[in-house]
Amino acid sequence: MPEKLGMVAVVGGGVIGVCLAYELRKRGAEVTLIDREEPGSGCSFGNSGAISPSSIAPLAMPGVLKSVPGMLRNPESPLYLPWGYLPQALPWLGRFVWSARRASVDASAKSLAALHEAAVSRHQALAREVGVPELILQRGHLHLYPDENTLAKDAAGWRLREKYGFQFERIDRDGIVALEPGINPRYRIGMFLADHATVRNPYRYVQAIFHKFLEIGGQVSRADVRALQPAAAGGWRLDTAAGAQTAQHVVVAAGAWSRRLLDPLGVKLALETQRGYHVQFQGESSPVSRTVVLADRKVFVAPMEAGLRVGGTVEIGGLRLASNPRRAEVLLRIARETFQGLEHQPFSTWMGHRPCMADSVPVIGPVAGRTGLWLAVGHGHLGLTDSAHTAELIANSLFGDR
Ligand SMILES: Cc1cc2nc3c(=O)[nH]c(=O)nc-3n(C[C@H](O)[C@H](O)[C@H](O)COP(=O)(O)OP(=O)(O)OC[C@H]3O[C@@H](n4cnc5c(N)ncnc54)[C@H](O)[C@@H]3O)c2cc1C
């Protein structure tokens, strides 16, 4: 079968492309992974490490939309759109608003539930296979709320979790302290998802998968792919600064940059980047022992190998705008307000480009009418969670199993 498949080029070495390249190679395919940077150094570098199978509520929920206008005006709110980027963002924003209809929300939740299926066990198996089982922390996720009002704002999301059979437990202040003694007294209500997990170093995880891919015979090419074109002899031609390459199949897994390759082919995706930030404190100790979500502030807090990481925020600012230090400062301030002992701890900051579809559902599979062209794009806020399953789905399809 692999012989018939021919060469598969995977464009993009983020967590999606690397998982896919490894899965295909494992099944015997000839695979070249192409990235202009070191694999894992895009959005997959600095995420919060949460494996969140129950996060099935799309971002565009009816409740969220009511608060959007206020968020757009305030550069310190969890969602921010700089005015200068508004004209470019408008078409996507229109699709985003349209996706908040009840029918669309239900459809997105259903797709996401299917895609998140068995996410934790898939990653446990993958981490074992590539020799880094210690990176998967299985201590659950704790979502925190100060009061009933803030919890009520997320009620639709919790109802969806319930509907799809995800297990969680509501706990009070004593329950919160029993799990995480260092939590600020302002948090009175917790929702605990005991079977969720955390990757304690997302970059090291991607690198471990990448090195295993090389070890079993995968090939890598450090190149910027500038254009894709059907090749005269069948398959695809990939134009790069260093010359052209050909492959029978091309999978575009170029994250937030994918439209640059797809637009010229007439493949139009409602893909926009939502820039997110993190603050990484240095020092192995962490005031939390599992992923904690400060739900009222839309901030994820995780005990990474290197120390506490505080991540989140959405900034719709495109691919070119420089990162905005104010966004990371907000995270820093929230961290210091919430946990003691961080005032003098050294830290670094980072910004990454989440690849986001308007309806929060990634696009995975072959492109109709473009034989040999495949997409694994738009994983938004949950690309780490969905990477292993996405790889399996595309590999199944490519090998003709499904
Ligand atoms: C602050 C933050 C927190 C997050 N937290 C979580 C979380 O807790 N859990 C979770 O599941 N997800 C989380 N995410 C989302 C997750 O990180 C992304 O969904 C995921 O990294 C997307 O992976 P990707 O492989 O599609 O893109 P990327 O990791 O961005 O990879 C794309 C790659 O393609 C390469 N590339 C692009 N164009 C070209 C080209 N033309 N030629 C060659 N190479 C190219 C880039 O160099 C890059 O390496 C978070 C994101 C952010 C920003």
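Student: Which residue in E13 is the bridge partner of Trp236?

Tutor: Ala247 is the partner of Trp236 there. Keep in mind that this is a predicted model, where local features need pLDDT of at least 70, side-chain atom pairs count only at pLDDT 80 or more, and totals for chains, interfaces and linings use all residues. Residues are numbered from 1 along each chain as its sequence is written.

Student: How many bridges do E12 and E13 pair over?

Tutor: Five, in the antiparallel sense, with E12 covering residues 236-240. Strands are DSSP runs of E, at least two residues, and helices are runs of H or I, at least four, numbered from the N terminus. Two strands pair if DSSP finds at least two bridges between them.

Student: What's the strand order in that sheet?

Tutor: E11-E12-E13, an open, antiparallel sheet of three strands. E11 (225-230) and E13 (243-247) are the edge strands, each pairing on one side only.

Student: New topic: at what angle do H2 and H13 cross?

Tutor: Roughly 40°, with their axes within 8 Å. Axes are lines fitted to C-alpha atoms, for helices over the stretch in contact, and angles run from 0 to 180 degrees between N-to-C directions. So H2 is oblique to H13; under 35 degrees counts as roughly parallel, over 145 as roughly antiparallel, 65 to 115 as roughly perpendicular and the rest as oblique.

Student: And which elements supply the ligand shell?

Tutor: H2 (15-26) and H13 (383-398) are among those supplying at least two residues each. The ligand is surrounded by 42 residues, with Gly14 and Gly383 among the closest; the criterion is a C-beta atom, placed from the backbone, within 6 Å.
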